Amino acid sequence: MSVKITYATMSADNQELNQAFEAAVERARGSLGQTHGVIVNGEVRTDRDLHTEVSPIDSEIVIGHYAQGTTDDVDEAVAAARAFQPEWEAWGWERRRDLMLRAADIMEERIYDISARLSFEIGKNRLESLGDVAETIEFFRYYAKQITQHEGFIIRMGSQSGEENLSVLRPWGVWAVVSPFNFPMALAAGPSIGALLTGNTVVLKPSNSGALMAFDFYEVMKEAGLPAEALHVISGRGSVVGDHLTHHDGVDGITFTGSYDVGMGIYRTANESRPKPVVAEMGGKNPVIVTASADIDTAVEGVTRAAFGLSGQKCSATSRVYVEESVYDDFVDRLVKRASEITVGDPTKSENWMGPVIDQGAVARYQRAIDEVEAGGGEVLYGGSVLTDGEYARGNFVEPAIVAPAEDSWVWREELFLPVVAVAPVSGLDEGLERSNDTIFGLTAGLFSRDEQEIEKWFARIEAGTTYVNRAAGATTGAWPDIQSFGGWKSSGTSGAGGGGPWYLRQYMREQSRTLFRG
Ligand code: NAD
């Protein structure tokens, strides 16, 4: 790809990119609708119950039929991964790294085709789809760079009587990866890459909405030369495959990315048989503060992109905005105007910026949130309708919504995962901080201010793992490997080490101290 796409890329006004993407959309149409089996030891098993996934853009477009794995599939995959892990570790980090770099090149060659399929599968626009795949390519390269810089995480220690002492970081063993629907490539691949590169073998359980990307990831890894025993993909139901895998005694570590309820359930119970690391990356209720010193246009752009990008279905989406009273009306007026410019529709077409929400359950949740705002004495300032006519008839489309809920409404507290942003006036930065931090979550947060003292105070007091000041490209969204590490505090994340950041790989390894007297 000659054009470098990140989540901070503001518009797709590049002719070459558009032509390449549109050609890939046509190819993608012809490639959808196939049956995909669970993959154990390289064996593709389709003789299972099938889940049929349809596109959120148009329910007549069948994305694929996914085999629903069984607990026996999980048992076999874990056993195979366990048996092969010592050999995989013995490959050594340089050989594994070279394989990851080959995989990055293969994925880069296919970025348009994979992105177009992703666009149909999740309903992302072209920049968001290309971003999801480009981020994955960066994960390969950034983690390869990390392991090279740290020379395989082998550190020579001091010596007391001529002996050799080493601190060696070694893999835990078999790693389970459970991924969500919203970044179906980056969040299935990112943790898998981290685990594999550091010498773990992996059993991956993708979301049933998004599994196509896990299969595309598998193909890339296979072509790069990954042995079949190192990575197994078990599509299926969370309550069957996900539950069995995350509670399996043969699993040594887990990365779960998804909702708070499921993640906390796993975090509480996965260690019953023995200690093991559980990395759970969960939801958010991400706040933004706009103070009177802010550049209001920058704040409006940043909030618009972060609240409504990918139809609000990012864990990092802006869901609450606290605006200093003196600029509240001006901010809200401009935000409403900006929201009215958003084009909603089939996101494979360049003219549409906002696509559908993932399923009819999300549409019902949207309706409930809007009803709650109205019934609770709040106000819907923009949007609020489900779109069902004409081109919207067979998809899950809703308007971007700006709401001012009553202060005690659950809309302020619960993660909606929808294009709905709540706004409220506050007396200043202190009240904004108090209300921003009044949540169980702590994933991302944003500030718009041109006052150095406000900025310093906000960085010191905001309770969030990923923070941005004055970012037009996304007030709370759009972290990029090697640029911003991405992870949550409080009930948003367990590890304190963000994806795409310098501390990420550490959690896939445990330390072994080696003392050797020679002779
Ligand atoms: P989800 O929790 O419904 O599903 C996530 C995965 O868990 C899926 O693969 C699902 O099948 C599986 N699962 C469901 N029940 C399970 C169980 N009992 N045991 C084991 N696995 C089970 O989440 P989703 O709707 O796919 O994704 C949206 C959520 O993910 C949001 O809450 C969002 O904030 C969060 N998310 C967080 C991050 C982050 O980095 N913090 C990133 C993306 C998404």
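1. Helix α2 has a buried set made up of Asp73, Val74, Ala77, Val78, Ala80, Ala81, Phe84, Gln85, Trp88 and Glu89. Buried means under 20% relative accessible area, exposed over 50%, and partly exposed in between (1.4 Å probe, protein chains only). Helices (H or I, at least four residues) and strands (E, at least two) are DSSP runs, numbered from the N terminus. An α-helix has 3.6 residues a turn, so residues three or four places apart point the same way.

2. On the basis of the model: it is predicted, local features need pLDDT of at least 70, side-chain atom pairs count only at pLDDT 80 or more, and totals for chains, interfaces and linings use all residues. Residues are numbered from 1 along each chain as its sequence is written, and side-chain values use heavy atoms, with hydrogens and water left out.

3. The length of α2 (residues 71-90) agrees with expectation, because its 20 residues at 1.5 Å a residue should span 28 Å and its end C-alpha atoms are 29 Å apart. The expected span is 1.5 Å times one less than the number of residues. α2 also has a kink of about 40 degrees at phenylalanine 84, shortly before proline 86. That bend is the angle between axes fitted to the seven residues ending at a residue and the seven starting there. After α2 comes glycine 92, with a positive phi near 90 degrees.

4. The salt bridge count is 37, where a salt bridge is a side-chain nitrogen of Lys or Arg within 4 Å of a carboxyl oxygen of Asp or Glu. One of them joins glutamate 22 to arginine 126 at 2.7 Å, N to O. This pair links distant parts of the chain, helix α1 and helix α5 (residues 126-149), 104 residues apart. Arginine 126 is buried at 3% relative accessible area, while glutamate 22 is partly exposed at 35%.

5. Aspartate 113 sits in helix α4 (residues 111-122), 86 residues from arginine 27. Arginine 27 is partly exposed at 47% relative accessibility, and aspartate 113 is partly exposed at 29%.

6. Which residue does lysine 145 meet in a salt bridge? The partner is aspartate 482, at 2.7 Å, N to O. Aspartate 482 lies in the loop between β22 (466-469) and β23 (489-490) and lysine 145 in helix α5, so the bridge ties together parts that are 337 residues apart in sequence. Aspartate 482 is partly exposed at 38%, as is lysine 145 at 36%.

7. The ligand has 26 residues around it, of which Ser179, Lys205, Ser259, Met282 and Glu415 come nearest; a residue is near if one of its heavy atoms lies within 4 Å. A side-chain N or O atom of glutamate 415 is 2.6 Å from a ligand oxygen. A polar backbone atom of phenylalanine 181 is 3.1 Å from an oxygen atom of the ligand. The protein covers 83% of the 850 Å² of accessible area that the ligand has on its own, by the Shrake-Rupley method with a 1.4 Å probe.

8. α8 (238-246), β11 (253-257) and α9 (260-269) each supply at least two residues of the ligand shell. α8 gives the most, with three residues.

Conventions:
A polar contact is a pair of N or O atoms within 3.5 Å; within protein, one must be able to donate a hydrogen and the other to accept it, and residues adjacent in sequence count only if both atoms are side-chain atoms.
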